[in-house]
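Visitor: Hi, could you walk me through the ligand site in this one?
Guide: Happy to, let's have a look together.
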Amino acid sequence: MNILDKIVADKRKEVDLKKSLIPISQLETSVLMKRTTASLAAALRKSNTGIIAEHKRRSPSKSVINQNLNVQDVAKGYADAGVCGMSVLTDGKYFGGSLDDLVLARASVDIPLLRKEFIIDEYQIMEAKAYGADVILLIAAILSREEIKTLSESAKSLGLEVLLEVHNEEELQKSIMPSLDMLGVNNRNLKTFEVSLDTSKTLSEQIPDDFVKVSESGISTIGAIQELKEFGYQGFLIGENFMKTDDPGASAKIFIDGLKK
Ligand SMILES: O=C(O)c1ccccc1NCC(=O)[C@H](O)[C@H](O)COP(=O)(O)O
């Protein structure tokens, strides 16, 4: 079984357990359910830099990245640096994240927050809203077209935006539909962990202009962003490059200032 299949198998068990412990009716009572969400797509469209900075303690490909930071400090640092949005990994077993991280980030900043999760069930979308997200991620590699439609429409009905992630042409072709806001190309093959920015470059022209294009993973230089912009990308999801430092917010600021020059 590859790592993605393992993550999804574990996620199914986790979601079933959570549903039995915290019913949807309880999630609906969260004060955060009533709030107006912020638009990441709009922030990316009007930005010249387009950085979405991620909170990522560890990962299957890199093991430990940084376990010593306070998520609230990281969120404030990213917001002060001028990022367009923050991605918060909420998977515990493989990434060391949690829904508490999302709530704490929400309490600290007003910038758009992406719940970075392996979403397979509408319950997780309700959780995303109840714990403070503005955007959810859907991964085409683990969902059928029908599931993408149901989950994205459910997110939209709650006022959440949808970032749909693909890694190849087949995933892209099966996924395109009006209930998506942003199309992300993951430069990391989630089955082999190989990273190549060529994935974003190759798929770019097949992404319809109605969607904001986001390039994800393996981005660590200003040069890479300048190149990806030429292929029409307006969003750039960066995790490890910031999180491996002692002060991710300061690293993001130096990076963004460099992009403005
Ligand atoms: O990062 C991993 O090892 C990974 C493994 C399996 C599934 C997903 C994985 N990462 C999620 C992401 O997409 C990245 O955290 C995100 O794009 C940032 O990537 P990076 O800048 O390379 O940290």
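Guide: First, a term: helices (H or I, at least four residues) and strands (E, at least two) are DSSP runs, numbered from the N terminus. This is a predicted model, where local features need pLDDT of at least 70, side-chain atom pairs count only at pLDDT 80 or more, and totals for chains, interfaces and linings use all residues. Residues are numbered from 1 along each chain as its sequence is written, and side-chain values use heavy atoms, with hydrogens and water left out.

Visitor: Which element gives the most to the lining of the largest pocket?
Guide: That is α1, with three residues. Elements that each supply at least two are α1 (3-21), β6 (135-139), β10 (235-238) and α11 (240-243). A pocket here, on a 1 Å grid over the protein atoms alone, is an open set of points where a 1.4 Å probe fits, with protein on both sides within 12 Å along at least five of seven lines; lining residues have an atom within 4 Å of a point.

Visitor: And which lining residues lie nearest the centre of the largest pocket?
Guide: Glu54, Lys56, Lys116, Arg188 and Ser217, out of 31 lining residues.

Visitor: Where does the ligand sit?
Guide: In that largest pocket, meaning that more than half of the ligand's atoms lie within 2 Å of its grid points.

Visitor: How many residues surround the ligand?
Guide: There are 19, the closest being Glu54, Lys56, Ser61, Ser217 and Gly239; to count, a residue needs a heavy atom within 4 Å.

Visitor: What about serines touching ligand oxygens?
Guide: Polar contacts are pairs of N or O atoms within 3.5 Å. Polar side-chain atoms reach a ligand oxygen at 2.5 Å from Ser61 and at 3.4 Å from Ser59. For Ser217, a side-chain N or O atom is 2.6 Å from an oxygen of the ligand.

Definitions and conventions: Polar contact = N/O pair within 3.5 Å; in protein donor to acceptor, adjacent residues only side chain to side chain.
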